[in-house]
Amino acid sequence: MRHDLVLRVIAKILIPFILLFAVYVQFHGDYGPGGGFQAGVIVAAGIIFHGIIFGLETTRRVVPSALVETMLAAGVLIYAGVGVAGILLGGNYLDYFVLSADPVAGQHRGIFWVEVGVAVTVAGVMLKIFYMFGGRGQDPE
Amino acid sequence: MAAAVVALARSRNLFAVIVLGGIYSFLMATVLVALDAVDVAMTEASVGAGMSTVLLLAALYLCKGEEAKPVRKPWLSLAAATMVGGVLVYGTLGLPAFSDPDSPIHVHVAPRYLNDALKETGVPNVVTAVLASYRGYDTLGETTVVFTAGAGVIALLRRRRRDARKEDVS
């Protein structure tokens, strides 16, 4: 597939829009359908698309394995961190009301960061699974 | 969808099976849109039709494209599946009618979510409000499950690679 000109050009045009759509799904999740899970999967799909067209090695250079593994844990930590922040600010675990002076704004802020955490973990896991399966039998690393 | 399922069960070519699985997921997503569950439909389309298809294709790349013929006819499995299906259908007879406003799930906490979610969280999408705020613990658990799945894949595949290297050395 490396020499397929049409695929390569189309992929180059499409991937930025896929990632942009993922960002839209992520941040517009408060107002329309969407949210962390969907956005994370769409980000991973865009990068996996890149991996299929340009080869796994190229993608590994763009999105290194170490970054993906960090994302895996960072997402859960962001989510749990929001909960701990609630405790530190005098509320219960995962209590968003205390995150801001205005309780409603606090809720909004809490939901925002929680969704970010979900998206980061989901994207990381999907990419890691793809790297692991795609890399088998190819490189002894 | 029924046609897709029959074709799925009959086909021996794994590539066709994967594509049919993707088609089934997309049809399921349209059903969910028809039921006004847009968030779930989006997840089904992206995870079921997109991501699983890609991962299964990646797995197919590592093995043969044809399913082996079964050694004997799976009559016992068919009987068990039919029986379980029958029991499940029998169970649905006891559920309240579809979109019945007086059914238990619609009179417990759902009215509060629908009426107060915007006021309490400032988030117009009630699904997001319930998912991230009212049911925050559940979603934290789900995220941890996803994380555990990723960690499990890393643990399994990486150890095998290290073992292979050890064998090379010895």
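pLDDT is the predictor's confidence in each residue, on a scale from 0 to 100.

**Entry 1: ground rules**

I'm working from a predicted model, where local features need pLDDT of at least 70, side-chain atom pairs count only at pLDDT 80 or more, and totals for chains, interfaces and linings use all residues. Residues are numbered from 1 along each chain as its sequence is written, while chains are lettered from A and ligands numbered from 1 in the order in which they are written.

**Entry 2: confidence**

I looked up the scores for the model and found ipTM 0.76 and pTM 0.75. For chain B, the mean pLDDT is 79, with 89% of its residues at 70 or more.

**Entry 3: chain A overall**

I counted 5 helices and 0 strands in chain A, and along the sequence the pattern reads α-α-α-α-α. The C-alpha trace of chain A spans about 60 × 35 × 20 Å along its principal axes. Of the 141 residues in chain A, 44% are buried (20 or more other C-beta atoms within 10 Å of the residue's own, with C-beta atoms placed from the backbone). I also checked contacts (C-beta atoms, placed from the backbone, within 7 Å). Among those in chain A between residues at least 6 apart in sequence, 62% join residues at least 24 apart.

**Entry 4: where B meets A**

I get 38 residues from chain B and 47 residues from chain A in the contact. On the chain B side, helix 3 (38-61), helix 6 (110-121), helix 7 (126-134) and helix 8 (136-169) each give two or more residues. Helix 8 of chain B has the largest share of that side, 15 residues.

**Entry 5: helices 2 and 3 of chain B**

I checked how helix 2 of chain B (residues 14-34) packs on helix 3 of chain B: the angle is about 175° and the axes are 8 Å apart. Axes here are lines fitted to C-alpha atoms over the stretch in contact, and angles run from 0 to 180 degrees between N-to-C directions. The contact includes B:Phe15, B:Gly22 and B:Phe26 from helix 2 of chain B, and B:Glu44, B:Gly48 and B:Leu56 from helix 3 of chain B.

Notes:
Contact = placed C-beta atoms within 7 Å. Helix = DSSP H or I, 4+ residues; strand = E, 2+ residues; numbered from the N terminus. Buried ≥ 20, exposed ≤ 12 C-beta atoms within 10 Å, placed from the backbone.
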